[in-house]
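Colleague: I'd like to learn how to read the side-chain features of a model. Could you take me through them one at a time?
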Amino acid sequence: KNAFLFILFLLGVSWATLCAAPHEVNLYGHLVSSNESETPQGIYQFSNGSTAGFTRVAEITAEPNAGAVKAGDLYYVFNISDQGDYGNECYMYIYDPANNYTLVTRASASSSIMSEAQVLAYDPVTKKIYCAYNDAYYGNRLATIDVSHRTRDLVASLDYTKFITLSFNSQGRLFGITNVGILYEINKSTGETRYIGSTGVSPA
C-alpha cells in the first residue's frame, strides 16, 4: 500500500463544483512525501472519480513545508530550511505552470511571511493570497500574504480552530477543513466561521 502526502490545489474548479460534479474532475496536487523512495516529489494529476492512479506533471524538488499556492499565472512554494549557518533560512520559489513548472526564481524571504505547516489559498476576486497559520503566542490566525512586498498582514484570529486546507470558490468565498475533518466557510474579513459539516475523514 502506498502512503502519500499532498498539498492540493484546484485549477479553475470551485469547491461547490467539485462536490456536486456528476462527472470526473481533474485535480492537481503537490506530492511532498511518499513511503516509496523512488516516487519523486512534484506536481501530479488525478481525479475525484474512480479512475485509478495519478500522473506526474512536473518534478519539483523544493519542499513546501510552509505551504504552496497557485496564484494567477504563477505557482509559489514557501520553504523553511534548517540548513543555514545562522539558523533557519526562508525561501520563496516561483514556478511557471504554463511552461512545465519551470523555476522562474528563488527569492530569499523573511520568517515574518511564513510559518511551518501554514496553508494557503488564492482569492480569484480580490487577487490576494490568504493563509492560516499558528502563532506560538496568539494561536491560529488568518492573514493575507503580499508576495511582491513579502509581507503578511493579519486579518483575524481563528481561535482554536486549526485549518489544514483553505480553498476559494469562483465567487471569492473562503472554505477550510480542520484537522478533525470539519468543513467550514470562513469570513475572509472577520475570520468568523460557519459550520457546514463533516467530511467523514479525520486527519488528526
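Colleague: Let's start with the rings: how many aromatic pairs does the structure hold?

Modeller: First, what we're looking at: this is a predicted model, in which local features need pLDDT of at least 70 and side-chain atom pairs count only at pLDDT 80 or more, while totals for chains, interfaces and linings use all residues. Residues are numbered from 1 along each chain as its sequence is written, and side-chain values use heavy atoms, with hydrogens and water left out. Now the general idea: a pair of aromatic rings is described by the distance of the centres and the angle of the planes. Rings of Phe, Tyr and Trp (its six-membered ring) pair if their centres lie within 6.5 Å; planes under 30 degrees apart are stacked, over 60 edge-to-face, and the rest tilted. The structure holds seven such pairs. Take Tyr 75 and Tyr 101: their ring centres are 5.8 Å apart and their planes sit at 85°, so this pair is edge-to-face.

Colleague: Which parts of the chain does the pair of Tyr 75 and Tyr 101 tie together?

Modeller: Strands here are DSSP runs (E, at least two residues), as helices are (H or I, at least four), numbered from the N terminus. Tyr 75 is in strand β6 (residues 74-81) and Tyr 101 in the loop between β7 (89-96) and β8 (102-109), so the pair joins parts that are 26 residues apart in sequence. Both Tyr 75 and Tyr 101 are buried; that means under 20% relative accessible area, with exposed over 50% and partly exposed in between (1.4 Å probe, protein chains only). Tyr 75, Tyr 95 and Tyr 101 form one aromatic cluster.

Colleague: Which side chain makes a polar contact with Tyr 75?

Modeller: A polar contact is a pair of N or O atoms within 3.5 Å; within protein, one must be able to donate a hydrogen and the other to accept it, and residues adjacent in sequence count only if both atoms are side-chain atoms. Here the side chain of His 30 contacts that of Tyr 75 at 2.7 Å. His 30 belongs to strand β2 (residues 26-34), and at 0% relative accessibility His 30 is buried.

Colleague: And which charges lie over a ring face?

Modeller: The test is that NZ of Lys or CZ of Arg is within 6 Å of the ring centre and within 35 degrees of the ring normal. Arg 106 lies over the face of Tyr 91, 3.9 Å from the ring centre.

Colleague: On to the nonpolar part. Which residues touch the most other members of the largest nonpolar core?

Modeller: In soluble globular proteins, nonpolar side chains tend to be buried together. A nonpolar core is a set of buried Ala, Val, Leu, Ile, Met, Phe, Trp, Tyr and Cys residues joined through side-chain atoms within 4.5 Å. The largest one has 20 residues, and Tyr 76, Phe 78 and Met 114 touch the most other members. β5 (68-71), β6, β7, β8, β10 (128-135) and β11 (139-146) each supply at least two residues of this core. Another core, of 13 residues, lies apart from it and includes Val 119, Leu 158, Phe 163 and Tyr 184.

Colleague: How many salt bridges does the count come to?

Modeller: Four, if a salt bridge is a side-chain nitrogen of Lys or Arg within 4 Å of a carboxyl oxygen of Asp or Glu. One of them is Lys 188 with Asp 123, at 2.6 Å, N to O. This pair links distant parts of the chain, 65 residues apart: Lys 188 is in the loop between β15 and β16, and Asp 123 in strand β9 (residues 119-123). Asp 123 is buried, at 0% relative accessible area.

Colleague: What about Arg 194: which residue is its salt-bridge partner?

Modeller: Arg 194 pairs with Glu 185, the closest N and O atoms being 2.7 Å apart. Arg 194 is partly exposed at 44% relative accessibility, whereas Glu 185 is buried at 15%. Salt bridges that share partners join Arg 173, Glu 185 and Arg 194 into one network.

Colleague: Last one: how many disulfides does the structure hold?

Modeller: A disulfide is a covalent bond between the sulfur atoms of two cysteines. With the cut-off at a pair of cysteine sulfur atoms within 2.5 Å, the structure holds zero disulfides. Cys 90 is buried at 8% relative accessible area, and Cys 131 is buried at 0%.
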